[in-house]
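Have the structure open beside you as you read.

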Amino acid sequence: MEKKKRKAPPGGEFLSDVKELRRRARQHIEDGAVTRGYTANRGKVIAVLNEALATEIVCVLRYKRHYFMAQGIHAQAVAQEFLEHANDEQGHADRIAERITQIGGEPNFSPEGLATRSHSEYVEGVSLVDMIREDLVAERIAIEAYGEIVRFLGDQDITSRRMMEEILAVEEEHADDLKNLLATLDPTKPG
Ligand SMILES: [Fe+2]
Ligand SMILES: [Fe+2]
């Protein structure tokens, strides 16, 4: 490759484009957060984020069910863990929904088809160990799916990717919590 003769000005090439960037930002002001630098297929990103949203909502419902059931069988420590996870998943759902609107989409909160859009399943579970095991399965599915979403977003939509990376890290913590709980309650079957 030929060596560059002229050194880039301080600040690099970005600086010379500031005027053009500002002009474009004004021109497309109605697009909100989506600028021309946004190279992703917006429809596809919105669809993928709506699947993640459905996953989070299903996780909230499942953890809530488990929270109230565990309270009924006097398993306070486990119930608290379920409640904490339910609240985390609700926070994830809110972040994803907000991001969908930022990129000009509509968050799908419809109960119709919710379980189909979701990556993870809603399994009630009978015993406490059942519940924890089902939650661990759901977390592992979310971890797989979110990893794929992160790779799909790549450099095309950095903000959505960063959000999904942060959520992914929390799901990994959830899976770890559940694995530890399971090991405490059911030493014969570690996660
Ligand atoms: Fe989550
Ligand atoms: Fe989770």
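Donors here are N, O and S atoms within 2.8 Å of the metal (3.2 Å for Na, K and Ca), and since water is not among the atoms, sites may look incomplete. One pair links distant parts of the chain: glutamate 139 sits in helix H6 (residues 128-153) and glutamate 171 in helix H7, 32 residues apart. Helices are DSSP runs of H or I, at least four residues long, and strands are runs of E, at least two, all numbered from the N terminus.

A quick word on bookkeeping: this is a predicted model, where local features need pLDDT of at least 70 and side-chain atom pairs count only at pLDDT 80 or more, while totals for chains, interfaces and linings use all residues. Residues are numbered from 1 along each chain as its sequence is written, chains are lettered from A and ligands numbered from 1 in the order in which they are written, and side-chain values use heavy atoms, with hydrogens and water left out.

Now for the neighbouring metal. Glutamate 89 bridges the two iron ions (ligand 2 and ligand 1), which lie 4.0 Å apart.

How buried or exposed is the surrounding shell? Glutamate 139 counts as buried because its relative accessibility is 1%; buried means under 20% relative accessible area, exposed over 50%, and partly exposed in between (1.4 Å probe, protein chains only). Glutamate 56 and histidine 92 are both buried as well. Glutamate 173, which sits in helix H7 (residues 158-185), counts as exposed because its relative accessibility is 52%. Glutamate 173 lies 9.4 Å from glutamate 139, C-alpha to C-alpha.

On to the packing. The largest nonpolar core has 28 residues, of which Leu49, Ile96, Tyr146 and Met164 touch the most other members. Such a core is a set of buried Ala, Val, Leu, Ile, Met, Phe, Trp, Tyr and Cys residues joined through side-chain atoms within 4.5 Å. H3 gives this core its largest share, 9 residues.
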